Every structure is written in C-alpha cells, then in structure tokens.
Amino acid sequence: HARGPDSPAPDEPAAMAAADDERIITSRLQAREQYVKACAKSLAALAATAAAGDAEAVDRAADAAAKHLAQYEFAVSKASAMVRSSEAQVADYEDTRRRIDEDTRAVQADIDALRDRLSLARAARDHREQCAALERLVVELPSRDDMAREITQLEAELQSLTREGDAVAGELRDRQRQFGALLHCAHLLEARLRADQGDAGEGADGAAAPMQD
C-alpha cells in the first residue's frame, strides 16, 4: 500500500518506542535524584538540629528524615521489583522467541517433507498414467496367437506370390524367345520375298528383249 504523507516511516515506531523508554528512564532517575536530595536535606537538617540541642526539633527532623528514607527505600524496592519484572519479561520473550524459532523450523521441515511427498505422489501418478496408457495399447493390439496366425498367412501368401512371380517370369522369357524366333523368321521371309521379287523382275526383262529383236 502507498504510504501517506503523514503516515510514519517503517523505522519510526521503533524510534518512538526507544524515545518513550528514554523518557521513562529519565523520569525515574530524576525522581530518584529528588528522593536522594530530600534524604540528604533531611539528614543535614537532623544534624543541624542535633547540634543545636533542641530535642523536639531533633524528633521532628528525625521523623522527616525517616520519612524521606522510607520513601527512598520504597522507590528503590519498587525500581528493583520493576527490574526483576523486566528481566522476567525479557526471559519470557527470549523463551517465546526460542519456541517460535523451534516451531518455525518444525513447520519448515514439515513443509519440506510435504513437498517431497507431493513430488513423489506426482511421479507415482505419472507412472500410473503411463502404465494405463500402455495397458490400453496392449489391449488394442491383437493377441500373440492371432499375430502368429496372421504372420503365417502372410508368409504363405508371400510364397504363393513368389511362385506366381517366378511362373510369370518364366512364361515371359518363353514369350520373349518365341517372339524373337518369330521376328527372325519374319526377317528371313522378308529377305526371301525380296529375293524372289528380284528374280522375277530379271526374268521379265529377259523375255521382253527377244520380242523387240
């Protein structure tokens, strides 16, 4: 959130608390100093009264000094009690912080353990999904016996096609040989026809020559 112009800075609360503690300590020291001054003044008055030899004045000065000493003693005991209370609070704070640190470490350890368990669970789920996919694939494939029968059938068909191919190839070779022989015969016949035509032409020319004579 944006900090307003009048809102304290992040370090201001700590500074304010430190200033309050300083004011409290200063106030207590000033009060103790006042008690000490009052006791010293009462004791000085008691000494001066005792030197004067006035018994009633000495009693009044002694009562005043005793009163100031009692007030000072009460202030000192109160301060001591506050010190002990502060020390107890500090000890409680340290114990609380220690427990919080221990709880924090325990929670972090639990979080790490749960993270590891989650990773293992995800890996196990992925493995199960892969196994399920493989199982579906295996179910969709034909059985081993069906595949063996199909392979045997395909091998038989391949052998039959091989035999048919060999037969067709042999027949084709025979046809090629026959066609070659036929073509050779046709060439021979054509050559003979040409030779016969040549001989017939020469005979016709010989018969025409005596008639012209």
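This is a predicted model: local features need pLDDT of at least 70, side-chain atom pairs count only at pLDDT 80 or more; totals for chains, interfaces and linings use all residues.
View 1. Asp 95, Arg 98, Arg 99 and Glu 102 are linked in a network of salt bridges.

**View 2. Helix α2 from end to end.** This helix covers residues 55-140, and its 86 residues reach 124 Å from first C-alpha to last, close to the 128 Å expected at 1.5 Å a residue. That expected span is 1.5 Å times one less than the number of residues, and helices are DSSP runs (H or I, at least four residues) numbered from the N terminus. Ala 57, Ala 61, Ala 65 and Ala 79 are buried in α2.

**View 3. A leucine patch.** Leu 134, Leu 137 and Leu 141 make a nonpolar surface patch of about 300 Å². Patch residues have over 30% relative accessible area and no salt bridge, with like charges joined within 9 Å and nonpolar side chains (Val, Leu, Ile, Met, Phe, Trp, Tyr) within 5 Å; areas come from the Shrake-Rupley method with a 1.4 Å probe, and for residues only the protein chains shown count as cover. Leu 134 lies in helix α2 and counts as exposed at 53% relative accessibility.

View 4. Arg 177 and Asp 174 meet at 2.0 Å, N to O, and lie 3 residues apart in helix α3 (residues 144-212). Arg 177 is exposed at 53%, while Asp 174 is partly exposed at 34%. Glu 190 and Arg 194 meet at 2.7 Å, N to O, and are 4 residues apart in α3.

View 5. The mean pLDDT (the predictor's confidence in each residue, from 0 to 100) is 78. Over residues 1-8 pLDDT stays under 50.

**Notes.** Residues are numbered from 1 along each chain as its sequence is written, and side-chain values use heavy atoms, leaving out hydrogens and water. Local features need pLDDT of at least 70 and side-chain atom pairs count only at pLDDT 80 or more, whereas totals for chains, interfaces and linings use all residues.

Conventions:
Helices (H or I, at least four residues) and strands (E, at least two) are DSSP runs, numbered from the N terminus. Buried means under 20% relative accessible area, exposed over 50%, partly exposed in between (1.4 Å probe, protein chains only). A salt bridge is a side-chain nitrogen of Lys or Arg within 4 Å of a carboxyl oxygen of Asp or Glu. Contact means heavy atoms within 4.5 Å.
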